[in-house]
Amino acid sequence: ILRNALVNDPSILRDALAALQEAEERARAEARRAAIRAESARLLRDPADPVRGNPAGDVTIVEFFDVRCGFCRRLHPELEALIASDPGVRVVMKDLPILGPQSVLAARALLAAHRQGGYARLYDALMRLRGEPTEAAIQAEARRLGLDWARLRRDMDDPAISARLEGTHELARRLGIEGTPALVTGETLIPGAVDRATLARTVAEVR
């Protein structure tokens, strides 16, 4: 009877597969929400994290990014526009260098610049950089921004910065993040670049 039913109406199988996929996606989404809840302290309240926007904002967006990622660069002006238009937004920065050695070099430079209060300025410069973030390019931008390059270069090799990057990679794995950019707000993980309207709508939903 079942065989005849499937032969006569194959849509039964299609609907069953669709229902299975939907159930699996719901399970994955719930697992992500549970992971976000479990890791909320590391996501939202790590005092060592660089923060853009309003440090006391009522809605936090956590951004996992790689400065060499084209989609991260596409997201950059959208987030900047959101920060400029919404004084209640707090953006926590999580350096996740996944695109090779130069990505790691840039992430080390940013975290070293953070010790001089220059994270946001160097971040903006590297996101707008034409070409690769080589050491020479990073040095030129750091000097242009008035950062102490000798100190910054020394800090880049600090084992504490290596441990921080490893911790961010481990956190990303726990949350099921597979690429950059990835945004976490509320209990929602948003993979990939989105526009300002989507960001604003997400913030409104969290509020």
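Phe-65 and Tyr-123 are both buried, where buried means under 20% relative accessible area, exposed means over 50% and partly exposed lies in between, judged with a 1.4 Å probe and the protein chains only. The model is a predicted one, in which local features need pLDDT of at least 70 and side-chain atom pairs count only at pLDDT 80 or more, while totals for chains, interfaces and linings use all residues. Residues are numbered from 1 along each chain as its sequence is written, and side-chain values use heavy atoms, with hydrogens and water left out.

The rings of Phe-65 and Tyr-123 have centres 5.2 Å apart and planes at 85°, so they make an edge-to-face pair. The rule behind this is that rings of Phe, Tyr and Trp (its six-membered ring) pair if their centres lie within 6.5 Å, and that planes under 30 degrees apart count as stacked, over 60 as edge-to-face and the rest as tilted. Because Phe-65 belongs to strand β2 (residues 59-65) and Tyr-123 to helix α6 (residues 119-127), the pair ties together parts that are 58 residues apart in sequence. The names of these elements follow DSSP runs, numbered from the N terminus, with helices (H or I) of at least four residues and strands (E) of at least two.

Tyr-123 also has a partner in Tyr-119, and this aromatic pair is stacked, with 6.4 Å from centre to centre and 10° between the planes. Tyr-119 and Tyr-123 are four residues apart in helix α6, so about one helical turn separates them. Tyr-119 is buried at a relative accessible area of 3%, and Tyr-123 is buried at 0%. The count of aromatic pairs comes to two, and ring pairs link Phe-65, Tyr-119 and Tyr-123 into a cluster.

From Phe-65 the eye can follow strand β2, in which seven of seven residues are buried. Val-59, Ile-61, Glu-63 and Phe-65 point one way from β2, whereas Thr-60, Val-62 and Phe-64 point the other way, and all of them are buried. Two strands are said to pair if DSSP finds at least two bridges between them. Strand β2 runs parallel to strand β3 (residues 89-95), to which seven bridges join it, and the bridge partner of Val-62 in β3 is Val-92. Strand β2 also pairs with β4, in the antiparallel sense and over four bridges, and here Glu-63 has Leu-183 in β4 as its bridge partner.

Strand β4 is covered on both faces, with Ala-182 and Val-184 buried on one side and Leu-183 and Thr-185 buried on the other. Four bridges join β4 to the antiparallel strand β5 (residues 188-191), where Pro-191 is the bridge partner of Ala-182. The hairpin of β4 and β5 has two residues between the strands, and in this hairpin Gly-186 takes a positive phi near 60°.

Cys-69 is buried at 4% relative accessibility, and Cys-72 is buried at 0%. The structure holds zero disulfides.

On the surface, Leu-2, Leu-6, Ile-12, Leu-13, Leu-17 and Leu-20 form a nonpolar patch with about 550 Å² of accessible area together. Accessible areas come from the Shrake-Rupley method with a 1.4 Å probe, and for residues only the protein chains shown count as cover. Patches are made of residues with over 30% relative accessible area and no salt bridge, with like charges joined within 9 Å and nonpolar side chains (Val, Leu, Ile, Met, Phe, Trp, Tyr) within 5 Å; a salt bridge is a side-chain nitrogen of Lys or Arg within 4 Å of a carboxyl oxygen of Asp or Glu. Helix α2 gives the patch its largest share, four residues. Leu-2 lies in helix α1 and is exposed, at 63% relative accessibility.

Definitions and conventions
Disulfide = S-S within 2.5 Å.
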